Each structure stands twice: as structure tokens, then as C-alpha cells.
Amino acid sequence: MGGFRNGQIAWNSRERTLYLALASPTLQPTLMVRPLPDILPVPWPVGLSEPPARTEDALRRAAALLADGGLVAIPTETVYGLAADASDADAVNRIFVAKGRPATNPLIVHVADVTMARPLSAAWPDPAERITASLWPGPVTVIVPRGPQIPDNVTAGGQTIAVRCPEHPLARRLIAMLGRPLAAPSANRSKQLSPTTAGHVLDGLGNRIDLILDGGPCSRGIESTVVDCTTTPPQILRPGPISRSELEAVLGGPMADATDPADGDAALLPARSPGTMARHYAPKTPLEVSATAVETVASLLQSGKRIAWLTARTNDPQVRSLAASHELLVVPMPTDPAAFAACLYATLHAVDRRSLDRIIIDAPPKDDRWRAVIDRLQRASTA
Ligand code: TXA
Ligand code: MG
């Protein structure tokens with residue numbers, strides 16, 4: 001961008017950045033403006049074997065941007081991902097910059113099918129074979145020994161690689177169109193709530209990215225289960241939509257859950273999986289999980305606090321009587337764990353906009369089906 005004249009305006013299409021040179025001794029470009037990314041709707045009605053033409057056009061534009069080193073937010077069944085060509089170290093580096101993510105936290109590599117996954121690994125352990133054969137495409141990520149193809153920054157220099165084949169047909173079609181795997185963390189600033197709509201992505205990342213594909217709300221609403229297949233037995237590093245019992249059925253034997261204090265050595269987890277730092281997935285409003293929510297809410301109201309209360313017990317007379325307060329917003333939540341997970345982040349995003357003093361959530365039942373929700377609520381509420 002040398003040779004600028006004072007007052008000159010230049011559009012750099014590679015960087016999607018508008019440069020304006022102002023009076024300065026060096027006449028270097030001093031003001032940079034990046035536009036907000038386009039949001040392209042990518043509907044794919046159920047029952048159609050091929051996507052509609054305008055969806056296919058949007059995918060082609062996304063694939064071209066990715067091939068050129070750009071960042072594209074894409075829908076998956078879990079949460080929106082911030083995708084870059086996994087074989088392009090510069091593009092991958094842009095992901096870390098856009099998210100404000102520490103370089104020590106490795107990324108998940110997304111593939112169109114298991115055939116694309118195997119060459120990324122140095123070995124394909126039997127548990128990885130079983131899990132991928134039965135549960136892919138789907139919301140489960142396997143960690144395997146890493147092969148040489150993928151640049152170091154994807155795995156944060158580590159000797160293992162996380163691989164996932166999304167259930168969402170659009171994500172797989174885009175990867176197949178590009179012909180290469182995509183590195184994609186959740187499309188949010190580091191440590192903040194994951195996005196489950198295109199609007200959440202725009203709010204969180206804005207002009208830091210090049211394009212958003214809008215595939216509507218994510219059906220699962222919570223990040224994939226992460227399974228380390230390099231240990232014996234395999235270990236859950238992050239609980240998710242695929243439960244431990246489903247995994248054990250597929251593996252034909254018991255496994256460990258490193259996030260469960262009753263089971264794995266939870267204290268070692270951050271070193272094993274850096275993204276599992278205690279505070280994560282957090283709204284800005286302080287969040288508290290309460291087993292005695294009626295009392296907690298009543299006493300907070302008494303001290304003049306403004307509260308949102310996420311509860312399934314909207315017919316409980318005590319809840320109804322508290323709900324009369326203008327300082328309390330009661331948000332009805334589903335009683336089924338999958339339905340609860342599907343709307344959890346969207347509810348937290350919406351409540352977080354209201355500048356309340358506190359979010360209270362009823363403590364979920366302590367059972368395997370609620371494990372992923374309990375894990376995310378724990379991280380969201382750690383001060
Ligand atoms: O559902 C999902 O997995 C979403 C969608 C976009 O696919 N992606 C996602 O990515 O949640 P991210 O980066 O937000 O979380 C990835 C997690 C982090 O906790 C990271 O530390 C861990 O996976 N991880 C990635 N590679 C790893 C590796 N080689 N060993 C251990 N943990 C790894
Ligand atoms: Mg994330």
C-alpha cells in the first residue's frame with residue numbers, strides 16, 4: 001500500500017479493507033475501514049436431494065473466499081463455526097486473530113467424510129474407527145495422532161489432531177466443494193457464548209470476518225462431544241450431544257469422562273484440552289445455577305436485583321407468585337435435555353442483551369443425558 005497521496009482512498013479487495021491516507025510524514029495509509037460481512041441465506045428444504053440454485057451460488061462464493069484464504073462463518077448442527085482452509089497456515093492464523101483466541105488452543109478440523117479424515121492422522125485407532133463408522137456424520141469429534149499435512153498452528157503444535165464430520169449437509173457440501181478440510185472453531189470471540197444463529201455471529205465477530213452463511217438456528221445448539229481416542233480407554237474431553245452411554249455402546253466397553261470429577265482427573269483436563277478452561281461459554285451477565293432457585297430468586301429480588309430465571313417449573317405456584325415482580329423475567333425452559341440444549345445459548349444471548357444483574361438457572365437433574373448441559377452451565381457460571 002505504498003505510494004499513497006494524502007486524502008487518497010483505496011479499496012484492497014484481498015483484505016476487504018478500505019484504506020484512507022491522511023496527512024502524515026510518511027503518507028502511509030492511516031485509517032482502515034472494513035465493512036460488515038454479507039449474510040447469505042442458504043436454505044436447503046428437507047426432501048430436496050440438491051440445494052436450491054441460490055444456495056449453491058452462495059456455497060460457491062464461500063468456497064472461493066475460503067480458497068483465497070478468507071474466513072467464512074458456516075452453520076453446523078451444533079453451533080456456527082468460523083471456517084478457514086485447514087491447509088493454509090495464514091488463513092488459520094486469521095481465525096486466531098478474529099477470535100482473540102490463544103495460539104495454544106488447537107482447532108477442530110472438519111471433513112466431508114471419513115475418507116478425508118484418515119490421511120490427516122498418523123494412525124487411526126480402533127475406537128476412532130468404531131465411533132466414526134457408527135456416529136459420523138454427527139456431533140462427535142475424535143482426537144487421533146496427527147499426520148504431517150496440516151499446519152502446526154491448527155493443532156497448536158501438538159501431536160494430536162481433532163477431526164469432525166458435521167451432520168449438517170450444508171457444511172459437508174461446502175467442504176466437498178472446496179475439496180479440502182476446514183479448520184473451524186465456534187464463531188464467537190474467545191470465551192464468549194457460542195453462536196447458534198447468523199445474527200449471533202454478526203453481533204460477536206462483525207467486520208472481523210469475510211462472509212456469513214445463514215442456515216437458520218442450529219438444531220443441536222451445543223458443541224460436539226470431544227473424544228480422545230489416543231488413550232486406553234478413550235476419554236471424553238468435552239461432553240456434548242452424543243452421550244457417554246451412546247459412545248460406550250458403540251465402543252463395546254467402558255470409557256472415561258475427564259470432565260466428571262467423579263471419574264477422570266478433571267484437574268489435568270486444561271492441559272489435555274486447552275479449550276476446556278474453567279471460564280468459557282459465558283454470558284456477560286453473572287450466571288448462577290441454583291438447586292434452591294425459589295429462595296435464591298426471592299432473596300435477590302428483595303435486595304433490589306433485576307433477574308432472569310430460566311426454569312421449567314412455570315406452573316409451580318411459588319414461581320408464579322414471584323413472577324409478578326417487575327424485576328423478574330421468567331423464561332420457560334424445556335424439560336427434555338436435547339430440547340434444553342437446543343435453545344440454551346439462544347436464550348442466554350437474548351437475556352444477556354437486557355443488562356440484568358443476574359441469570360438464575362434451575363440445577364438440572366444429575367444424569368448422563370444432562371451431562372453436556374451441566375458442563376456448559378458450570379463453565380458459564382465460574383467467576
Ligand atoms: O461442535 C463443535 O465442535 C464446534 C463446531 C463449529 O464444529 N466447534 C467447536 O470448536 O466447538 P472450538 O474450537 O470452539 O472447540 C474445540 C475444542 C476446544 O476445547 C479445543 O481445546 C479442543 O476442542 N481441541 C481441539 N483440538 C484438540 C486436540 N488436538 N487435543 C485436545 N483438545 C483439542
Ligand atoms: Mg468455542
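**Close-up views of helix packing in a predicted model**

**View 1. Helices α11 and α12 in contact.** P337, F340, A341, L344 and Y345 of α11 meet V373, R376 and L377 of α12, where contact means heavy atoms within 4.5 Å. Because this is a predicted model, local features need pLDDT of at least 70 and side-chain atom pairs count only at pLDDT 80 or more, whereas totals for chains, interfaces and linings use all residues. Residues are numbered from 1 along each chain as its sequence is written, chains are lettered from A and ligands numbered from 1 in the order in which they are written, and side-chain values use heavy atoms, with hydrogens and water left out. By class, the contact of α11 with α12 has seven nonpolar, no polar and one charged residues (Ala, Val, Leu, Ile, Met, Phe, Trp, Tyr, Cys and Pro count as nonpolar, Asp, Glu, Lys and Arg as charged, and the others, Gly among them, as polar). Helix α11 (residues 337–352) and helix α12 (residues 371–381) pack at an angle of about 30°, with their axes 9 Å apart, and they are therefore roughly parallel to each other (angles under 35 degrees count as roughly parallel, over 145 as roughly antiparallel, 65 to 115 as roughly perpendicular and the rest as oblique).

**View 2. Helices α1 and α5 packed together.** Helix α1 (residues 53–67) and helix α5 (residues 169–178) pack at an angle of about 55°, their axes lying 9 Å apart, which makes α1 oblique to α5. On the α1 side the contact is made by T55, E56, L59, R60, A62, A63, L66 and A67, and on the α5 side by L170, R173, L174, M177 and L178. Sorted by class, this contact of α1 with α5 has nine nonpolar, one polar and three charged residues.

**View 3. The buried residues of α5.** In α5, L170, A171, L174, I175 and L178 are buried (under 20% relative accessible area, while exposed means over 50% and partly exposed lies in between, with a 1.4 Å probe and protein chains only). Seen down the axis of α5, these residues fall within an arc of 135°, so they line one face of the helix. Among the elements that cover them are α1, β5 (72–74) and β11 (211–214). Helix α5 is followed by G179, whose phi is positive, near 80°.

**View 4. The buried and exposed residues of α9.** In helix α9 (residues 293–302), the buried residues are A293, V294, T296, V297, L300 and L301. They cover an arc of only 165° around the axis, which puts them on the same side of α9. The face turned away from this buried side carries the exposed residues E295 and Q302.

Terms used: Axes fitted to C-alpha atoms, helices over the stretch in contact; angles between N-to-C directions. Helix = DSSP H or I, 4+ residues; strand = E, 2+ residues; numbered from the N terminus. Arc of directions from axis to C-beta.
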